[in-house]
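Here is a friendly walk through one model, with the cut-offs spelled out as we go. Have a look at the sequence and the structure first.

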Amino acid sequence: MSNRVKLGISSCLLGWAVRYDGEHKYDGRIFASWSDDFEFVAVCPEVAIGLGVPRSPIQLVQLGESVRVRGVEDSHVDVTERLHAYGRSLVAELGEVSGYIFKARSPSCGLSDVAIHDERGSVMGEGRGVFAEHLCKVLPLLPVVDEGALEDEAQRENFLRRAGIYHHWHRVVAEGLSATRLRQFHDSYQTLLAESDETEWRRLSGLIDELTADNLKAISSRYIEELMGAVNDTIAGTSPHELL
Ligand code: SF4
């Protein structure tokens, strides 16, 4: 497995001209210095489901209890199911990535603050893009962020730290998980976790103490679920390179 941290990313953020208007959204201030340490898996769900470039824009529309992705100019166009289906088809591939950077405010890729319209086109609230929503549901441990948050140094470091930990976990699993390796993995985060959340550190240490010859699979699943839940909530501000 490569030492570089593999990240999923909305293609337009890498400079691919795939937006509805034929443009991209590359921001050199955020991404120019990342290339040596990170490997990107670029994904444009709207192009992948067959919408061309350029294309008519789409938007989130509240219909009863559900939010649909419909054409702005032609409300008969509804690509909600196609975006979900594409998300399902990508899960195996994206199961190996250690983080995902979404384009903010997109009806497909936006993590939050995406405008939701009523049927007449007026904004009535905010939500999450359908593709982003799908990925977050099926890959709940995956560290995620949008490019707006990456402009803030503390949030950028927070995301990179989380992705670094998840990458480390992928490496341990790829090399063959064992009780010894799980203990070593746990020990490598002692300082980080004990300082940021001692209660969580004790809880995770308790799980490690429960390890026997027969329960490695069950304990390791619970362990990474709890660890990623904890770090996704609590860690900020330290260089990810210390972990790689
Ligand atoms: S925001 Fe997502 S769907 Fe829109 S152009 Fe970028 S990658 Fe494609």
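Let's begin with a cysteine: Cys 109 is buried, at a relative accessible area of 7%, where buried means under 20%, exposed over 50% and partly exposed in between (1.4 Å probe, protein chains only). Cys 12 is buried too, at 9%. The disulfide count is zero, a disulfide being a pair of cysteine sulfur atoms within 2.5 Å.

A word on the basis: this is a predicted model, in which local features need pLDDT of at least 70 and side-chain atom pairs count only at pLDDT 80 or more, while totals for chains, interfaces and linings use all residues. Residues are numbered from 1 along each chain as its sequence is written, and side-chain values use heavy atoms, leaving out hydrogens and water.

Strand 1 covers residues 5-10, and because five of its six residues are buried, the rest of the structure largely encloses it. Strands are DSSP runs (E, at least two residues), numbered from the N terminus; two of them pair if DSSP finds at least two bridges between them.

| Partner | Sense | Bridges | Opposite residues |
|---|---|---|---|
| Strand 2 (residues 38-43) | parallel | six | Leu 7 and Phe 40 |
| Strand 5 (residues 99-102) | parallel | three | Gly 8 and Tyr 100 |

The protein chain is divided into domain 1 (5-150) and domain 2 (153-243), with bounds from an automatic or database domain assignment. Their contact (heavy atoms within 4.5 Å) takes 20 residues from domain 1 and 14 residues from domain 2. The C-alpha centres of the two domains lie 28 Å apart.

How values were computed:
Helix = DSSP H or I, 4+ residues; strand = E, 2+ residues; numbered from the N terminus.
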